[in-house]
Amino acid sequence: MLLGQMPKQELLMKYKLTAFSDVASSVCTGNLMMFSQSMERHQAFFIKAGIYLILEKLKTVAMRNLFKRVWLLCRTHQLDLKAFEDALLFNQEEDIDSDEVECITANLIDKGYIKGYISHQHQKLVVSKQLVFPSLSSVQK
């Protein structure tokens, strides 16, 4: 899942791994609220299986996918950081302010999830005009 390959529902049902169903769909859609709820709901199972901390890394992938959805809506190479802040607040991420959004965005850029840079003066994310969001398999090292 960290490489962008999400399991199909049929496969999860076949092997009785339905605890991963909500996690996978929330990561794909960038739904951070659903991700947090499903991680909390199945926390005991994930800890017992020894994969809880690995699955927590998927939150960054979910944020990347949320930011990608915002970019698809705006369809410009200069995005206001306020748009990302609004998306995070809509997903009920608590204590989000402009500095936090800038930090999250900087981390996504540093990890290679977004090709671009932050214009701090204008509070904008300036993205590449080509391949703004590289595939997850090419980003992971």
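Predicted model: local features only at pLDDT ≥ 70, side-chain atom pairs only at ≥ 80, totals over all residues.
1. **The core.** The largest nonpolar core holds 36 residues. Phe-46, Phe-67, Phe-84 and Leu-88 have the most contacts inside it. Helix 6 gives the most, with eight residues.

2. **Phe-46.** This is one of the residues with the most contacts inside the core. Setting aside residues up to four places away in sequence, Phe-46 touches Ala-19, Phe-20, Val-23, Ser-38, Met-39, Ile-51, Tyr-52 and Leu-55. Click through those side chains in the viewer to see the surroundings of Phe-46.

3. **Helix 6, burial.** The buried residues of helix 6 are Leu-58, Val-61, Ala-62, Met-63, Arg-64, Asn-65, Leu-66, Phe-67, Val-70 and Trp-71. Note that Arg-64 and Asn-65 are on that list. Phe-67 is also among the residues with the most contacts inside the core.

4. **Helix 6 against helix 8.** These two helices pack at an angle of about 100°, and their axes are 11 Å apart. Helix 6 is therefore roughly perpendicular to helix 8. From helix 6 come Thr-60, Met-63, Arg-64 and Phe-67; they meet Ile-104, Thr-105 and Leu-108 in helix 8. By class, this contact has four nonpolar, two polar and one charged residues.

5. **Asn-65.** This residue is found in helix 6. Is Asn-65 buried or exposed? Its relative accessible area is 12%, under the 20% cut-off, so Asn-65 is buried. Not counting residues up to four places away in sequence, Asn-65 touches Val-27, Cys-28 and Gly-30.

6. **Arg-75.** Arg-75 sits in the loop between helix 6 and strand 1 (78-80). Its relative accessibility is 56%, so Arg-75 counts as exposed.

7. **Leu-131.** Here is another residue to check for backbone geometry. Leu-131 has a positive phi of about 50°, although it is not a glycine. Its place is the loop between strand 3 and helix 9. With 61% relative accessibility, Leu-131 counts as exposed.

8. **Met-6.** This residue belongs to the segment before helix 1 (9-14). Met-6 counts as partly exposed because its relative accessibility is 21%. Leaving out residues up to four places away in sequence, Met-6 touches Met-1, Ala-24, Val-27 and Cys-28. Val-27 and Cys-28 also touch Asn-65. For scale, Met-6 and Ile-47 are 41 residues apart along the chain, and their C-alpha atoms are separated by 20 Å.

9. **Ile-96.** Where does Ile-96 lie? Its place is the loop between helix 7 and helix 8. Ile-96 counts as buried because its relative accessibility is 13%. Beyond its neighbours within four places in sequence, Ile-96 is in contact with Glu-85, Leu-88, Leu-89, Val-101 and Ile-104. Ile-96 and Asp-86 are 10 residues apart in sequence and 9.2 Å apart in space, C-alpha to C-alpha.

10. **Tyr-117.** This residue lies in strand 2 (residues 116-119). Which residues does Tyr-117 contact, neighbours within four places in sequence aside? They are Ile-109, Lys-124, Leu-125 and Val-126. Tyr-117 and Glu-85 are 32 residues apart in sequence; C-alpha to C-alpha, they are 17 Å apart in space.

Terms used
Residues numbered from 1 in each chain as written. Heavy atoms only, no water. Core = buried A, V, L, I, M, F, W, Y, C linked by side-chain atoms within 4.5 Å. Buried < 20%, exposed > 50% of the residue type's maximum accessible area, 1.4 Å probe, protein only. Helix = DSSP H or I, 4+ residues; strand = E, 2+ residues; numbered from the N terminus. Contact = heavy atoms within 4.5 Å. Axes fitted to C-alpha atoms, helices over the stretch in contact; angles between N-to-C directions. Parallel < 35°, antiparallel > 145°, perpendicular 65-115°, else oblique. Nonpolar A, V, L, I, M, F, W, Y, C, P; charged D, E, K, R; others polar.
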